[in-house]
Amino acid sequence: MRAARLALYGHPVAHSLSSCMFEAAFEASGRDAVYELVDVDDAAALGREVARIREGERLGANLTLPHKRAGLALADVFGDEAREVGAANLLRRELDGRLRADNTDVLALHAELDRLGAARGVALVLGAGGGALAAVAAARRAGFAQVWQAARRFIDVDPLGAGLLSREPASGVRRIPWPAA
């Protein structure tokens, strides 16, 4: 039996500690698996790497900047959080060969907000990338009265095609401009 292969796709990724964390978890659990950092610098390279998952060469991959939205568009099926947010941080090959996109950031951030037990007044999310979109969804789920989102620029893109996702601000989310310097 060969080792399970997983990866992190992003650009740049050399600084990431993900491989150290995953390799330690694999060793502690006795899992025969490897986790690779793969610098994927453009859409064509991302398509080639995703093909490796489809072909079964890898079980799946985490996605990071700048591929969380683009990776979602390459999937066949979508978890609820990935569909809601419009970005994925995880791609995996299902038993039937289809590629599934998920966003585990939403549930993780929501759990942390609940654990903190903070007052649910106003949440301020900085940025408009995949992580920020997950933070907005988590804050809304956690019951914040208001969610404000500030970014240098907002990108209204529907990576799943016309009508599947609304990239307009979600109900209760107020977009505010980034302060000019």
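Me: What caps the N-terminal end of α2?

Reply: Asp42 does, with a side-chain oxygen 3.3 Å from the backbone nitrogen of Ala44. This is a predicted model, where local features need pLDDT of at least 70, side-chain atom pairs count only at pLDDT 80 or more, and totals for chains, interfaces and linings use all residues. Residues are numbered from 1 along each chain as its sequence is written, and side-chain values use heavy atoms, leaving out hydrogens and water.

Me: How many helices and strands are there in the protein chain?

Reply: Six helices and nine strands. Both are DSSP runs numbered from the N terminus: helices are H or I with at least four residues, strands are E with at least two.

Me: Back to α2. What span should its twelve residues have?

Reply: 16 Å at 1.5 Å a residue, and the end C-alpha atoms of α2 (residues 43-54) are 16 Å apart, which agrees. The expected span is 1.5 Å times one less than the number of residues.

Me: Which residues of α2 are buried?

Reply: Ala45, Leu46, Glu49, Val50 and Ile53. Buried means under 20% relative accessible area, exposed over 50%, partly exposed in between, with a 1.4 Å probe and protein chains only.

Me: What do those buried residues pack against?

Reply: β1 (4-10), β2 (33-39), β3 (60-63), α3 (68-73), β5 (90-93) and β6 (99-102).

Me: Why does Glu49 count as buried?

Reply: Because its relative accessibility is 13%. Its side chain makes a polar contact with the side chain of Arg58, at 2.8 Å. A polar contact is a pair of N or O atoms within 3.5 Å; within protein, one must be able to donate a hydrogen and the other to accept it, and residues adjacent in sequence count only if both atoms are side-chain atoms.

Me: Leaving aside neighbours within four places in sequence, which residues is Glu49 in contact with?

Reply: Tyr9, Val38, Val40 and Arg58. Contact means heavy atoms within 4.5 Å.

Me: New topic. In what sense do β5 and β6 pair, parallel or antiparallel?

Reply: Antiparallel, over four bridges. Strands pair if DSSP finds at least two bridges between them. Leu91 stands opposite Ala101 in β6. The two strands form a hairpin with five residues between them, and Gly97 in the turn has a positive phi of about 90°.

Me: Which strand do two bridges join to β6?

Reply: β4 (residues 77-78), running parallel to β6. Val77 stands opposite Arg100 there.
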